[in-house]
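Open the structure in your viewer and keep the selection panel at hand. Each stop says what to select and what is there.

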Amino acid sequence: MDEFDALLAREGDGEGFDALELARRVSADDAGKETLSRLEDSFDKLAVRYPGSPPQELLERVRRHSAYVTRLMDARMTLAEQRRLYVVGGWFQLLAATLHIDLNQEHAATASLRTADTLARHAEHSEIRSWCHETDAWRVLTGGVYGRAVDLSQAAQELAPAGSSVAIQATAQEGRARARLGDRKGAYAAIDRVQRMSATLEPLKNAEHHYQYEPGKALAYTATTLAWIGDPAAESYAREVIAGLAPTGDVQKWPRRIASANIDLALALLVDDRPDEACDAVQRAILSGRVVPSNHWRALEVVRAVEARKLPESPDLREAYQGMSSLATGER
């Protein structure tokens, strides 16, 4: 960890940012190219930590960075530096919105998305604006507003730079929304487009970066989309995700994606009339502690399907689900 990261890692009274601000004022009359570069680097590091970090923990760090960006807004700077500040501020607000969605904090998510979009408009940054639409599509999809999710996904695709990560992600999001609407043809078409676009991607240095698409993400989204339209092929995709990410059972690197894949696997096994295996799969997801609150409804769908079949595993599964929900809400 370098000196800058050590400062930003300080907890409590904002001492780290105060020290950074003092150094900035001593060394420059404006926002400072070095300060901006370090903020941009910090955003990338936080985006890389997203897949494996508890949302509330990561959100606190993102908030501190966003607050520091706000303080810099009053500093003297060139137009080029101002644009860089708007862009990095937009990225931090976008990541904050994503974390708020994970935590089911809808009003905070909406506020952060609007702020990110405003900063992106001022900076004329179409990529961030596209991610705002894509992220909002997931937010409304989790709320069951599937038609709106399709519209937002398509708006994201229109804004997205050609061949960009967000262009692929927004297409995948459209496929998931169409699957929830029962539009099998549209869902399959979206899967095909995602697979074609992701096949041309270069290997990434930081595959864990939340805003950089990689082939493994396409595989996971395909599993979810197929599971939602009741295609038994979802099983092989979900198993491939799990085997590829945790070949030795170690789920430390991609814990959330593996938990989601286990939910997809459970849905596929129910379609194939293998409820005992489905119970095992969804219980692995629930007990992993890595199903974020915004995805609880996905696990609940499996729990309810098992209960509808009056299986003997139903009470234990319901108890596990309620335990997960209680921890998320702070209930005892």
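This is a predicted model: local features need pLDDT of at least 70, side-chain atom pairs count only at pLDDT 80 or more; totals for chains, interfaces and linings use all residues.

Numbering starts from 1 along each chain as its sequence is written, and side-chain values use heavy atoms, with hydrogens and water left out.

**Stop 1: helix α10**

Select residues 184-198, helix α10. Helices here are DSSP runs (H or I, at least four residues), numbered from the N terminus. Color Gly186, Ala187, Ala190, Ile191, Val194 and Ser198: these are buried (under 20% relative accessible area, 1.4 Å probe, protein chains only; exposed is over 50%). Look down the axis: the buried residues fall within an arc of 140°, so they line one face of α10. The arc is taken from the directions from the helix axis to the C-beta atoms. Exposed Lys185 and Arg196 sit on the face turned away.

**Stop 2: Tyr221**

Stay in α11 and pick Tyr221. Tyr221 is buried, at 14% relative accessible area. A 2.6 Å polar contact joins its side chain to that of Gln169 (N or O atoms within 3.5 Å, one able to donate a hydrogen and the other to accept it).

**Stop 3: Val302**

Select Val302. Beyond its neighbours within four places in sequence, Val302 is in contact with Ile263, Ala266, Leu267, Leu270 and Val282 (heavy atoms within 4.5 Å).

Conventions. Helices (H or I, at least four residues) and strands (E, at least two) are DSSP runs, numbered from the N terminus. The expected span of a helix is 1.5 Å times one less than its number of residues.
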